[in-house]
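This report describes how the parts of one protein chain are arranged and how they meet. Please keep the sequence and the structure in view while reading.

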Amino acid sequence: MKEKKFETTAIRTQIERSQFLEHSNPIYLTSSFVFEDAEDMRASFAEEKDRNIYSRYANPNSSEFINKVCQMEGAEDGFAFASGMAAVFSTFAALLNSGDHILSARSIFGSTHSLFTNFFPRWNIDHSYFKFDELDQVEKLITPRTKLIYAESPTNPGVDILDLEVLGDIAKKHNLIFVIDNCFATPYLQRPIQFGADLVIHSGTKLMDGQGRVMAGITVGKKEFIDRIYQFSRITGPALSPFNAWVLSKSLETLAVRVDRHCSNALQLAEFLEGHEKVNWVKYPFLKSHPNHELAKKQMKAGGCVVAFEVKGGLKAGRKFFDAIELLSLSANLGDSRSIITHPASTTHSKLSSEERLETGITDGMVRISVGLEHIDDIISDIDQALG
Ligand SMILES: *Cc1c(COP(=O)(O)O)cnc(C)c1O
């Protein structure tokens, strides 16, 4: 049969029906699975058979979720985790040895930055950072110990765009593992494997669930790397719960329609803010004024759900603006059906110094909005009245 489109795959990828011939998949809340006989048990444990043994290793619901994401990303295989950070940590821990060096973009998720700076040095794994707009410097940072290139695009919270193809070419030339955290774009908007990524990581907590209910993470990509991640993870136990996997697999059925609306709402909000007298600047990848608009259009289908802007009048005006918000949620999450407004300098990135924040593109008055699925008129009207 002809290869199916994204939406169809998202809906029609299912695990086998049970004897009850259910239309919608059940939840397999079981920690373990039974064997036919002694030989079946021996062969299963020897990994001669591909079958469920114990839900720390694999479970039908997590397999369905993994299978969907693999097809969406064009990946060979994957492993699902209890959170995005479990995916990030386990991926690095499975692939790196003491003495290895990570080459990473500077603008990365706060907890990933903490992992690099506060924990990996304990195991003698160090890192260097490159800036999103200085990819010509990346090769100079490669050492004989460098094993891996890591980046996110669009970045959080500055929504800057990194050229994935350039990074992919560097990784290939130097035989480095190329890993992309694709959480902000989702596989619907951007497929990093097309640009040379070996592995793609997601926090399922964000747009994949999209309704702010469950925590999850996933890593998909080349089988040789996923095998190592699987061997590490089946022992260390970061597995996704079957219930959360079931929720996520359902959520993915609507990913395309949700993300389409997130993006059209976000673009309309960005256009509104661009002309606003109380706003210094606004950044959104699909605004023509975005410094990397052309690159964004090349590697993404649309701009995503996050809009960044700066309220005129610095920190004080920013606080007044937040206190005047009525509809939007003041929260640190993103990718929810509810629009969320965040002040990165005092929340998600408060552990960084002012200089470190500026390096990652965060000014003190900067506001990040994760544009939700409410009617755009209501989103704009709340922000407009708060700015006033
Ligand atoms: C949220 C997030 C993570 C971590 O995911 P959790 O599910 O919160 O553990 C990693 N990377 C990015 C880009 C994120 O936004």
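How many Å separate the centres of domain 1 and domain 2, taken over C-alpha atoms?

## Two domains

The model discussed here is predicted. Its protein chain is divided into two parts: domain 1 covers residues 6–252, and domain 2 covers residues 255–387. Taken over C-alpha atoms, the centres of domain 1 and domain 2 are separated by 27 Å.

## The interface between the domains

The size of an interface is often given as the accessible area lost when the parts come together. Between domain 1 and domain 2, about 3,300 Å² is buried, and 60% of this area lies on carbon and sulfur atoms. Three residues, Pro157, Tyr188 and Leu189, supply 22% of the area that domain 1 buries against domain 2, which is more than any other three residues supply. In terms of contacts, 39 residues of domain 1 touch 38 residues of domain 2.

On the side of domain 1 that touches domain 2, the elements that give two or more residues are α1 (6–12), α6 (164–173), α7 (186–189) and α9 (242–253). Helix α7 gives the most to this side, with four residues. The residues on this side of domain 1 comprise 19 nonpolar, 12 polar and eight charged ones.

## Salt bridges

How many salt bridges does the rule find across the interface of domain 1 and domain 2? The rule finds three salt bridges there. Elsewhere in this description of charged pairs, Lys283 and Asp160 deserve a mention: they form a salt bridge in which the closest N and O atoms are 2.7 Å apart.

Asp40 is found in helix α2, which spans residues 38–45. Is Asp40 buried or exposed? Asp40 counts as buried because its relative accessibility is 3%, and the cut-off for buried is under 20%.

The side chain of Asp40 takes part in two kinds of pairing. With the side chain of Lys49, the side chain of Asp40 makes a polar contact at 2.6 Å. The side chain of Asp40 also reaches the backbone nitrogen of Glu36, at 2.8 Å. When neighbours within four places in sequence are left aside, Asp40 is in contact with Phe35, Lys49 and Arg51.

Terms used. Residues numbered from 1 in each chain as written. Predicted model: local features only at pLDDT ≥ 70, side-chain atom pairs only at ≥ 80, totals over all residues. Heavy atoms only, no water. Domains from an automatic or database assignment. Contact = heavy atoms within 4.5 Å. Buried area = accessible area lost by both parts, 1.4 Å probe. Salt bridge = Lys/Arg side-chain N within 4 Å of Asp/Glu carboxyl O. Nonpolar A, V, L, I, M, F, W, Y, C, P; charged D, E, K, R; others polar. Buried < 20%, exposed > 50% of the residue type's maximum accessible area, 1.4 Å probe, protein only. Polar contact = N/O pair within 3.5 Å; in protein donor to acceptor, adjacent residues only side chain to side chain.
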